[in-house]
Amino acid sequence: NRKKKMVTSPVEIVIRYVEEHYAESITLNTMADIVYLSPSYLSSLFKSKQGQSFIDFLTEKRIEKAKSLLLYTDEKIQAISDSTGFTNIRHFNRVFKTITNRTPSEFREGKSSEPSKVN
């Protein structure tokens, strides 16, 4: 009575890969090669299964990791940008602010985007 081998979907493989390699340069084309699909097919498959595009998913993962590094380490923001797969600090700052409504340093200092209650 052998157990059935679980077949992992291409999307699951991509998700797992991103979670382990988010710090590296990852493109849709790279992922498509890994799962033997065309980039356009993988893109639409990913979006239909995940409800978001591959690049949005990748960016979200990177920002999640960056947020935890900002909160729990004293690493410089430049180093965090590098270690979470961003190509340059300006791009990192822009993406971080777009997603969190705060700059990385505001996030680290715990400043919210709401107007402060102290007058």
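Buried, in what follows, means under 20% relative accessible area, and exposed means over 50%. One caution before we start: this is a predicted model.

Let's begin with helix H3. It covers residues 39–50.

Now, which residues of H3 are buried? Three names: Leu42, Leu45 and Phe46. Look down the axis of H3. The buried residues fall within an arc of 100 degrees, so they line one face of the helix. An α-helix has 3.6 residues a turn, so residues three or four places apart point the same way.

The face away from the buried side carries Ser40 and Ser48, and both are exposed.

What do the buried residues of H3 pack against? Three helices: H1, residues 10–21; H2, residues 28–34; and H4, residues 54–72.

Take H1 in more detail. The axes of H1 and H3 come within 10 Å, and they cross at roughly 85 degrees. Angles of 65 to 115 degrees count as roughly perpendicular, so H1 is roughly perpendicular to H3. Who makes the contact? From H1, Pro10, Val11, Val14 and Ile15. From H3, Leu42, Leu45, Phe46, Lys49 and Gln50.

Next, a lysine. Lys61 sits in helix H4. Is Lys61 buried or exposed? Its relative accessibility is 13%, so Lys61 counts as buried. Leaving out residues up to four places away in sequence, Lys61 touches Val18 and Glu19.

Last topic: the aromatics. How many aromatic pairs does the structure hold? Five. Here is one of them, Phe86 with Phe92. Their ring centres are 5.1 Å apart and their planes stand at 65 degrees. Planes over 60 degrees apart count as edge-to-face, so that is what this pair is.

Both rings belong to buried residues. Phe86 has a relative accessible area of 7%, so Phe86 is buried. Phe92 is at 0%, and therefore counts as buried too. Phe86 and Phe92 also belong to one aromatic cluster, together with Phe96 and Phe107.

Definitions and conventions
Residues numbered from 1 in each chain as written. Predicted model: local features only at pLDDT ≥ 70, side-chain atom pairs only at ≥ 80, totals over all residues. Heavy atoms only, no water. Helix = DSSP H or I, 4+ residues; strand = E, 2+ residues; numbered from the N terminus. Expected span 1.5 Å × (residues − 1). Buried < 20%, exposed > 50% of the residue type's maximum accessible area, 1.4 Å probe, protein only. Arc of directions from axis to C-beta. Contact = heavy atoms within 4.5 Å. Phe/Tyr/Trp six-rings, centres within 6.5 Å; stacked < 30°, edge-to-face > 60°. Axes fitted to C-alpha atoms, helices over the stretch in contact; angles between N-to-C directions. Parallel < 35°, antiparallel > 145°, perpendicular 65-115°, else oblique.
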